[in-house]
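Colleague: Could you take me through one part of this model, the place where the ligand sits? I'd like a close look, with your cut-offs spelled out as you go.

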Amino acid sequence: MEGVGGGLGLSLLLCIETSCDDTSAAVVELAAEATTIRSSIVSSQHEFHAAFGGVVPEVASRRHTELLVPTVDDALAGAGAVWGDLDGVAVTTGPGLIGALLVGLAAAKAIAYARRLPLTPVDHLQGHLAAAYALGVEAPFVCLTASGGHTLLAVVERGVEFRVVGRTLDDAAGEAFDKGARLLGLPYPGGRELDLLAAGGDPACVAFPRSLPRDFDFSFSGLKTALLYYLRDHEGVVAADSPRGGGAARLKPERATERAARRASVAASYQEAIVDQLVSKTVRCAEQEGLRRVAVGGGVAANSRLRRRLTDACEHRGLEVFVPPVALCTDNAAMVGLAARYLEPIAWPRYLSLDAYAAEPGLGASRRRR
Ligand code: KG4
Ligand code: ZN
């Protein structure tokens, strides 16, 4: 079929993704009718960054160099493949942390060059939006891509070609989760922790502001400030079991329970304000564009409340919704293979001069720093 591995007849692809703090490798099989994920390995570095409260770029690059070879070995073993089975290599070339990207790109070039294979460069955002293809979505569709560095509402026109309809004007949605988690005294990585805390809370407890920038753009920095002021004015909400709460041991048990419930409800209310904005704009975009299919991708798409609310909103309007499994939303290399299906591979050895890029020109898409 048209577009499979750019017509070079690529079948088995080794995929590498090292744009931030996860060292990932996958083996995917491109067939005429579908892409099959034969293996997908993510070696998390979270424990190395937790002490700093965020990703330290230099630490990430060093860990990638240590983890990449065993991660690739595991991906090959998981797929039951050997080097000689590979028909090509695909790798994320940007946007992301430049040092981290360069580790993956150098490894991908070395493997492809040594085995005389073609190499497919993949954009990280194209990877996130291609995750929905694992569920069989067909273009055109509306895709919300929300991660630690990006919040993008796009119409995917064909393959991984997309038109940007809206983007964040300030913080990315993942950044809003991470900063909110930090204010609530939750450990890194904050988004998942906030999601877990919010599960036991009342999302209607605090009426955090819903900023609604024009059209399909997003804004989250005002919300983060509102949480900051709320916590300042309601001392003790950052409480009980949190590292910043202090004094938990001095609280009577019933006071501690009350505080824990309050904290969960503040987290749930904050999360709801982020999710409201994401869901309402995504659904409205589909309606305005006259599209019946909606997908989501990126680390924030792992959020349980966003998954539920987007599914409900789409079903309510008769829209078909594609919410990839959590492992395909947070950074992984399988999505690189799902995107590579629609991209042109570079023949051996022309890719040796290929470079990585930290930010996407025109998208204002720089990766979050500490
Ligand atoms: O796509 P991703 O893994 O890496 C980037 O490309 O940035 O996204 C990471 C972001 C982080 O901000 C993280 O806190 C957020 O996704 N995230 C979540 C959840 N899991 C990860 N945010 C909310 N709820 C979650 N369950
Ligand atoms: Zn990502």
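Which side chain has an N or O atom 2.9 Å from a nitrogen atom of ligand 1?

Modeller: That's aspartate 195, whose side chain puts an N or O atom 2.9 Å from a nitrogen atom of ligand 1. A quick word on ground rules: this is a predicted model, where local features need pLDDT of at least 70, side-chain atom pairs count only at pLDDT 80 or more, and totals for chains, interfaces and linings use all residues. Residues are numbered from 1 along each chain as its sequence is written, chains are lettered from A and ligands numbered from 1 in the order in which they are written, and side-chain values use heavy atoms, with hydrogens and water left out.

Back to the ligand. Aspartate 178 brings a polar side-chain atom to 2.5 Å from an oxygen of ligand 1, and histidine 124 has a side-chain N or O atom 3.1 Å from a ligand oxygen. Taken alone, ligand 1 exposes 550 Å², and the protein buries 91% of that (areas by the Shrake-Rupley method with a 1.4 Å probe).

As for the shell, 20 residues surround ligand 1 (a residue is in if one of its heavy atoms lies within 4 Å). The closest are His128, Gly148, Asp178, Asp195 and Asp331. By class there are three nonpolar, eleven polar and six charged residues, with Asp, Glu, Lys and Arg counted as charged, and Gly among the polar ones. Helix H4 (124-130), helix H5 (173-183) and helix H6 (190-198) are the elements that give two or more residues to that shell; helices here are DSSP runs of H or I with at least four residues, and strands are E runs of at least two.

Technical notes:
A polar contact is a pair of N or O atoms within 3.5 Å; within protein, one must be able to donate a hydrogen and the other to accept it, and residues adjacent in sequence count only if both atoms are side-chain atoms.
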